[in-house]
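Please open the model in your viewer and keep the selection panel at hand. The tour below moves from one selection to the next and says what is found at each stop.

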Amino acid sequence: MDILFFFNSLALGVALAMDAFSVSIANGLAEPYMRRGKHCLISACFAFFQFIMPMIGWFILHKLVDVFTALKGYIPWIALILLVIIGSKMIFEAFGNNAEDVSKSNNGNIGLAVVLVQGIATSIDALSVGFTIVDYDAMAAVVCSIIIAAVTFAICYTGLLIGKTVGNRLSFDAGLIGGIILIAIGIEIFVKGTLF
């Protein structure tokens with residue numbers, strides 16, 4: 001593990017966290033009165049999945065390469081379906097409530113189940129990072145994944161703060177915009193995963 005190793009791990013962390021960053025902004029928009037403890041919980045959830053997915057990819061490449069190859073084509077579909085469902089729910093809720101109801105209910109809008117699904121959907125492509133770290137021994141793979149998780153935590157926390165700040169100003173439109181962002185991210189992951 002040298003300077004290049006740490007630089008590459010940081011770069012991987014930034015690249016992998018971009019979808020989670022966008023979803024964090026959407027979450028901040030949907031719940032503009034979110035408390036700091038919940039910021040940490042959501043950011044930690046995204047960081048956990050960004051840690052575990054490269055490790056699963058690394059393990060699969062070392063032990064179960066045929067299984068991973070068979071499942072790889074389904075990854076963009078899974079991310080698309082999960083994010084479209086969550087985004088559609090946010091849009092439906094934005095239209096189903098008036099602006100006053102939205103501002104009252106935004107205090108507890110993003111539940112743990114939603115965050116877990118978002119964490120899986122935005123990190124599932126990180127399984128592919130197992131290909132890039134396949135030459136690492138187990139310790140180096142763990143350290144790389146920890147760096148990716150730390151970067152993800154910081155980026156997602158920032159995204160939540162940005163979304164919360166904008167969400168406080170937008171009120172009713174925030175849930176609608178957040179839902180559209182989630183659907184757009186799902187489509188982007190799908191297009192990137194199937195066409196490129």
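Begin by selecting Phe5, Phe6 and Tyr136, which form one aromatic cluster; rings of Phe, Tyr and Trp (its six-membered ring) pair if their centres lie within 6.5 Å, with planes under 30 degrees apart counted as stacked, over 60 as edge-to-face and the rest as tilted. What you see is a predicted model, in which local features need pLDDT of at least 70 and side-chain atom pairs count only at pLDDT 80 or more, while totals for chains, interfaces and linings use all residues. Residues are numbered from 1 along each chain as its sequence is written, and side-chain values use heavy atoms, with hydrogens and water left out.

Met1 itself lies in the segment before helix H1 (3-30).

Next, colour by helix: the chain has nine helices and zero strands, where helices (H or I, at least four residues) and strands (E, at least two) are DSSP runs numbered from the N terminus. Follow H1 to Met18, on which a kink of about 45° is centred, the bend at a residue being the angle between axes fitted to the seven residues ending there and the seven starting there.

Now move to Trp77 and Phe190, an edge-to-face aromatic pair at 4.6 Å centre to centre with 70° between the planes. Trp77 lies in helix H4 (residues 75-96) and Phe190 in helix H9 (residues 172-195), so the pair ties together parts that are 113 residues apart in sequence. Phe190 is buried at 19% relative accessible area, whereas Trp77 is partly exposed at 45%; buried means under 20%, exposed over 50%, and partly exposed in between (1.4 Å probe, protein chains only).

Finally, select Lys38 and Glu31, whose side chains meet in a salt bridge (3.0 Å, N to O), that is, a side-chain nitrogen of Lys or Arg within 4 Å of a carboxyl oxygen of Asp or Glu. Is Glu31 buried or exposed? Glu31 is buried, with a relative accessible area of 0%, while Lys38 is partly exposed at 22%.
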